[in-house]
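Here are my notes on the model you sent over. Have it open while you go through the points.

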Amino acid sequence: MSIDIIDSHIHLYPGSEVESLAWYTNGHLLQGQHSVEDYLEATKELRKVSNQRLRGFIFIETDRKSHLKSEAGWEEPLRELDWIKRVADGKPRSGEGHEPQHSQLCLGVVLWAPVPSGPEVMHRYTTKVRERAESTWPLVKGFRYLVQDKPPGTMLSAAFIESLKWMGRSGFAFDLGVDARSAGLWQLSEAVKMIEEAYRGIPENQRVRIVISKDTLAP
């Protein structure tokens, strides 16, 4: 029996846009381009297994430079949308490390979003995303705002919770990135409280789906 595999969490970026990554420095372990061709090289042994079939991946935003002060802080995340749209549409730019036939591998997209800014801003932001994504919009399955490096209380603010409720009503998932190893166990405690507040009084079919993508407890 053949087993279909969907890689549920990968990060890709073209070498031409590394300066937009918030964490990137020269000499970083992940320096240089990491695109679809690199991904296929890394997974080639898996794809040789006769009873397994790698259908594709879910692209997760890569922490581009952003801020919440104004819409100007959305520029680089929206630029990232343009990049993954080229992958999904099969319209590569020269040197970006993907080909038209690779479009079928992109099965879903999780983008950055200004979650702490509240539902009104979320609605305005996702409207821009939808307009910019065009035919790629159906691939947008959810959003992420990293809290692993944010101060205590960030994910418990009223605006953050209301954004999560809005995402649930709108059919989007939320990718929760916490790091108990580096930041402390308080992040897990706050995450539990966040989920309780986001679900309080909300019908089950309208609750936001929360995917915990990083909860490291040991080195």
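1. Start with the contacts. Counting contacts in the chain with a separation of 6 or more, 74% are between residues 24 or more positions apart. Keep in mind that this is a predicted model.

2. On secondary structure, the chain has seven helices and six strands. Reading from the N terminus, the order goes β-α-α-β-α-β-α-β-α-β-α-α-β.

3. For overall dimensions, the C-alpha trace spans about 45 × 40 × 40 Å along its principal axes.

4. What about burial and surface? Of the 219 residues in the chain, 44% are buried.

5. Now the charges. I get 28 positive and 30 negative side chains in the chain. The centres of the two sets are 2 Å apart.

6. You'll find His-102 in the loop between α3 (75–89) and β3 (106–112). Is His-102 buried or exposed? His-102 has a relative accessible area of 10%, so it counts as buried, the cut-off being under 20%.

7. Which residues does His-102 touch, leaving aside those up to four places away in sequence? The partners of His-102 are Val-36, Glu-37, Leu-40 and Val-87.

How values were computed: Residues numbered from 1 in each chain as written. Predicted model: local features only at pLDDT ≥ 70, side-chain atom pairs only at ≥ 80, totals over all residues. Heavy atoms only, no water. Helix = DSSP H or I, 4+ residues; strand = E, 2+ residues; numbered from the N terminus. Buried < 20%, exposed > 50% of the residue type's maximum accessible area, 1.4 Å probe, protein only. Contact = heavy atoms within 4.5 Å. Lys, Arg positive; Asp, Glu negative; His and termini not counted. Charge placed at Lys NZ, Arg CZ, Asp CG, Glu CD.
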